[in-house]
Amino acid sequence: MPAHSRMTLRRIAPLALLLALVAAAPARAVVGGHPLALATAPWFASFGGCGGALVAPDRVLTAGHCVAHRELADLRNVAVGGVLRQTVRFAMYPAWRHANGTSVRDDVAIVQLDQPVPGVAPVTLGGGLPAEATILGRGRSTVPAAGERASPRFRQALRAAQLRLISDARCARSFRDRRGSGGERFDAARMLCAVDVDGRPPLSSACNGDAGGPLYAATPGAPVLLGVVSFSGARCGADGLPSVFTDVARYRRFVANPFPRWAPTPESAPEISGTAAVGRHLTCAVSTFTTPPARVAVSWHRQGGRRAKLVGRRATYTVRRADAGHQLACEVEASNDGGIAGSITTLVRIPR
């Protein structure tokens, strides 16, 4: 939805894991607000340290930065509707290469589940913007102290908070000389902003661990999805910065596309061929991907010391004398218009 048409104000066994996610978490999450039973919003999804919303029986909508550069293993277990489902692939918005601080400008992605979720009605997409809406999340529930690193504190109980939508102009003024916690900028054509309803403590806000979760109108039983949690300030509302959401209405066609371009995820670990000896050549490659990649980036790293050292950026690497006695790690990262998957690694030891 174009900015000018808006209102003027405006991450065991599966069963054990499911119990841990649903029942054993303490009653905290989202700064401010109140606890909400998962059964009240069965369409809310939780995986890989992020939130999401069921938009089709076998698909979850989340933030692009929740899946970018991540392996499927990191996103495997999706808790939604009282069941666990597995992520089989994901698709980011085709313009995902445009960065926004440490995030992406078009911060939206689809997660494909291995099976449909039974008995849960997917959310409705977009719609007119009301004066107030509700945010759901399982992230950090307390404001970080000044200078404190805002650790996510994932797997909290579900929490809801009412927020007031504000105009693009007001949000732009708030971020004119400031940035989100990851250096993000506000973009009125792609984003919505909301603040605590009355501006008095305790302030309600999105925080670390809430990314990908929903901003919705109406009721939990008949939700209309307006936004996807994208970013907030470093102090989660206490710094006076609004919570920022990807505007779902703008991405309705992408979300509803039955045949999106899926990101290329490898179906096996990289294979290293050649001779592991000084002066000889090693070649690293992945044989198959779930979807054909447009670009495959290969890098070699020498293990040892406090951090690995980058020693090569081509598929074929000539072993150096300095590599003797160390392990070499070959990393492969693939991408296409559907997104970029996390790098996968294979190690080989070089004899002295």
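Predicted model: local features only at pLDDT ≥ 70, side-chain atom pairs only at ≥ 80, totals over all residues.
Of the 352 residues in the chain, 51% count as buried.

**Strand β15 and its partners**

- Strand β15, which covers residues 222–231, is mostly covered, since eight of its ten residues are buried.
- On the antiparallel side of its pairing, β15 is joined by six bridges to strand β14, which spans residues 214–219, and these two strands form a hairpin that leaves two residues between them.
- Strand β10, made up of residues 124–125, runs parallel to β15 and is joined to it by two bridges, and here Leu-125 has Leu-225 as its bridge partner.

**An open sheet of three strands**

- Three strands form an open sheet in the order β17-β18-β21, and their pairing is antiparallel.
- The strands β17 (271–274) and β21 (316–318) stand at the edges of this sheet, each with a single partner strand, so one side of each is left without a neighbour in the sheet.
- From one strand to the next, the twist of this sheet averages 25 degrees.
- β17 pairs with strand β18, which covers residues 281–285, in the antiparallel sense over four bridges, and Ile-272 has Cys-284 of β18 as its bridge partner.
- As a general point for reading such a sheet, the side chains in a regular strand alternate between the two faces of the sheet.

**Salt bridges**

- The count for this model comes to six salt bridges, and three of them are described here in turn.
- Arg-105 forms a salt bridge with Asp-106, with the closest N and O atoms 3.4 Å apart.
- Arg-105 is partly exposed, with a relative accessible area of 24%, whereas Asp-106 counts as buried because its relative accessibility is 1%, and the cut-off for buried is under 20%.
- Arg-190 also forms a salt bridge with Asp-106, and in this pair the closest N and O atoms are 2.9 Å apart.
- This second pair links distant parts of the chain, 84 residues apart, with Arg-190 in the loop between α2 (168–174) and β13 (191–196) and Asp-106 in the loop between β8 (103–104) and β9 (109–113).
- Arg-190 counts as buried because its relative accessibility is 13%.
- The side chains of Arg-302 and Asp-323 meet in a further salt bridge, at 2.7 Å from N to O.
- Arg-302 lies in strand β19 (residues 295–302) and Asp-323 in the loop between β21 and β22 (327–336), so this pair ties together parts that are 21 residues apart in sequence.
- Both Arg-302 and Asp-323 are buried.
- Salt bridges that share partners join Arg-105, Asp-106, Asp-187 and Arg-190 into one network.

Terms used. Residues numbered from 1 in each chain as written. Heavy atoms only, no water. Buried < 20%, exposed > 50% of the residue type's maximum accessible area, 1.4 Å probe, protein only. Pairing = 2+ DSSP bridges. Axes fitted to C-alpha atoms, helices over the stretch in contact; angles between N-to-C directions. Salt bridge = Lys/Arg side-chain N within 4 Å of Asp/Glu carboxyl O.
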